[in-house]
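Here is a friendly note on charged side chains for you to read beside the structure. Please keep the 3D view open as you go.

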Amino acid sequence: MISLRFRTFLPVLLLLAGLPVWAQVQSEMRAFDAPTLRMQAKAEDLYRTGHWERAYFIYVNELAAIGDKYAQYMAGYMWLNGKGVPRDAVRASAWYRIAAERGSSEFIKVRDELLESMSQEQLLESDQHYVSLRQKYSDVVVALGLLRREREALNETSTGSRLAGNTSSTVTIINPRTGMTTTRGEFDRKLKAQMKIRLDAITRTIGMDELEPDMSDREFAELVARVDEYLQFIDDR
């Protein structure tokens, strides 16, 4: 049996720790907008007051799913200590590996300490869980999901203008989240700039040539295939 003692010592500010390019992408993921900050605070309060199952649900389904590395670490910590979930060091190690993927020294330390305590059989089981988690919560997967939605939004504004018989950049677009208006040209410019940040982070991570936001459907399909291939490759132990 694996018996290691860990404590929750990582502040929420560690969300942006790690590689600068992914810190920039994380910022674009709205990691620090008001609703997310409230969700982080709620999860911390639930954990602190012993409502572990509810805290775990938020950490995994609301925060880990948007690339929150602290939440991913906490999911692992809860598996390791049996807080809200059965005690399972192997599953804990898989979450720690996800949390450490940006290279943050704090997360690497707890990941490596746990992996080094495991047998070869446990390591192979950890690999399986890790690959499964990567396909849902890895930075490249989160970024790719956002990129897919942004491509759809870009296509919708372009198609909508054509259907209206007007391709002018002065067409007004309303942001459904903020209610603010902008011109189609400005909307497209900002959206493409945001998409380029994500694309550069993804292609650099998976070792692929740079792509532009207005890439073809074939190029996007190739990107998706390359990401899927990358997620099967284990290089953290």
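1. Let us start with Arg 48, which is exposed at 60% relative accessibility. Asp 45 is partly exposed, at 36%. Here buried means under 20% relative accessible area, exposed over 50%, and partly exposed in between (1.4 Å probe, protein chains only). The model is predicted: local features need pLDDT of at least 70 and side-chain atom pairs pLDDT 80 or more, while totals for chains, interfaces and linings use all residues. Residues are numbered from 1 along each chain as its sequence is written, and side-chain values use heavy atoms, without hydrogens and water.

2. Arg 48 and Asp 45 form a salt bridge, with 3.1 Å between their closest N and O atoms. The term means a side-chain nitrogen of Lys or Arg within 4 Å of a carboxyl oxygen of Asp or Glu. Both residues sit in helix α2 (residues 34-48), three residues apart, about one turn of the helix. Helices (H or I, at least four residues) are DSSP runs, numbered from the N terminus.

3. Is Arg 97 buried or exposed? Arg 97 is buried, at 0% relative accessibility, and Asp 236 is buried too, at 13%. Their salt bridge has its closest N and O atoms 2.8 Å apart. This pair links distant parts of the chain, 139 residues apart: Arg 97 is in helix α5 (residues 89-99) and Asp 236 in the segment after α10 (217-231).

4. Arg 237 and Asp 127 meet in a salt bridge at 2.5 Å, N to O. Arg 237 lies in the segment after α10 and Asp 127 in helix α7 (residues 120-137), so the pair ties together parts 110 residues apart in sequence.

Note on methods
Helix = DSSP H or I, 4+ residues; strand = E, 2+ residues; numbered from the N terminus.
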